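Please look at the structure below. The report that follows goes through a few of its parts in turn.

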Amino acid sequence: PELEEEILDAKATNDSVGGKVTVSVTGLPAGIGGPYFDGLDCALGSAYFGIPAVKAVEFGAGTQAADMLGSENNDPFSIEDGRVITESNNHGGLLGGMTSGMPLVATLTFKPTPSIGRPQKSVNLDTREPAILEIHGRHDPCIVPRALPVVEAVTALVVLDALLAHEHR
């Protein structure tokens with residue numbers, strides 16, 4: 001309801017808003033991916049940045065980790081039902097580029113739609129003079145709702161590829 005209200009307010013003023021999408025994958029075994037350039041976080045990040053309007057990608061605590069102490073950010077290991085787990089998931093299910101067995105959690109930030117119904121400052125490239133850009137027609141006040149299935153599909157494809165590569169090794 002709060003997001004919907006914000007989107008409708010932006011639409012009413014011919015503007016747009018951005019937003020965030022969090023995706024989670026559960027049930028992954030530990031050890032999928034690899035260090036350095038073979039990391040699952042690298043593959044996911046590359047694919048996520050291929051989605052138009054994505055401006056940031058975070059795994060687990062993401063940028064909040066910068067405000068934590070190591071003792072706060074580190075995920076304590078524990079045993080549950082004979083399985084090694086972490087008591088928290090600040091790492092977002094990825095350690096050193098490989099899955100840890102905990103839920104993989106990624107948050108993607110989307111910028112506001114740039115094509116809005118308000119006049120915007122620009123430049124006329126022919127005359128090299130300031131100009132006002134006015135875009136007419138339909139405008140999406142927020143693309144985040146449309147991005148949800150795209151994020152899910154991209155995540156599924158990259159994770160499946162990593163699982164198949166792991167099985168092949």
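## Terms and model

A residue is called buried when its relative accessible area is under 20%, exposed when it is over 50%, and partly exposed in between, using a 1.4 Å probe and protein chains only. The model is predicted: local features need pLDDT of at least 70, side-chain atom pairs count only at pLDDT 80 or more, and totals for chains, interfaces and linings use all residues. Residues are numbered from 1 along each chain as its sequence is written, and side-chain values use heavy atoms, with hydrogens and water left out.

Helices (H or I, at least four residues) and strands (E, at least two) are DSSP runs, numbered from the N terminus.

## Two loop residues with positive phi

Tyr36 lies in the loop between β1 and α2. Its phi is positive, about 55°, although Tyr36 is not a glycine. Tyr36 counts as exposed because its relative accessible area is 72%.

Arg128 is found in the loop between β8 (120-124) and β9 (129-133). Arg128 is not a glycine either, yet has a positive phi of about 60°. With a relative accessible area of 61%, Arg128 is exposed.

## A buried serine

Ser100 sits in the loop between β6 (98-99) and β7 (104-110). Is Ser100 buried or exposed? Its relative accessibility is 17%, so Ser100 counts as buried.

The side chain of Ser100 reaches the backbone nitrogen of Met102 at 3.3 Å. This is a polar contact (a pair of N or O atoms within 3.5 Å; within protein, one must be able to donate a hydrogen and the other to accept it, and residues adjacent in sequence count only if both atoms are side-chain atoms). Leaving aside neighbours within four places in sequence, Ser100 is in contact (heavy atoms within 4.5 Å) with Ala30, His91, Gly93, Leu94 and Leu95.

## The largest nonpolar core

A nonpolar core is a set of buried Ala, Val, Leu, Ile, Met, Phe, Trp, Tyr and Cys residues joined through side-chain atoms within 4.5 Å. The largest one here has 30 residues, of which Tyr48, Ile51, Leu108, Phe110 and Val151 touch the most other members. At least two residues of this core come from each of α1 (2-12), β1 (19-25), α2 (40-49), β2 (54-59), β7 and α4 (144-168). The largest share, seven residues, is supplied by α4.

Not counting residues up to four places away in sequence, the residues that Phe110 touches include Ile51, Val54, Ala147 and Val151.

## Where α2 meets α4

Leu40, Ala43, Leu44, Ala47 and Tyr48 in α2 meet Val151, Val154, Thr155, Val158 and Ala162 in α4.
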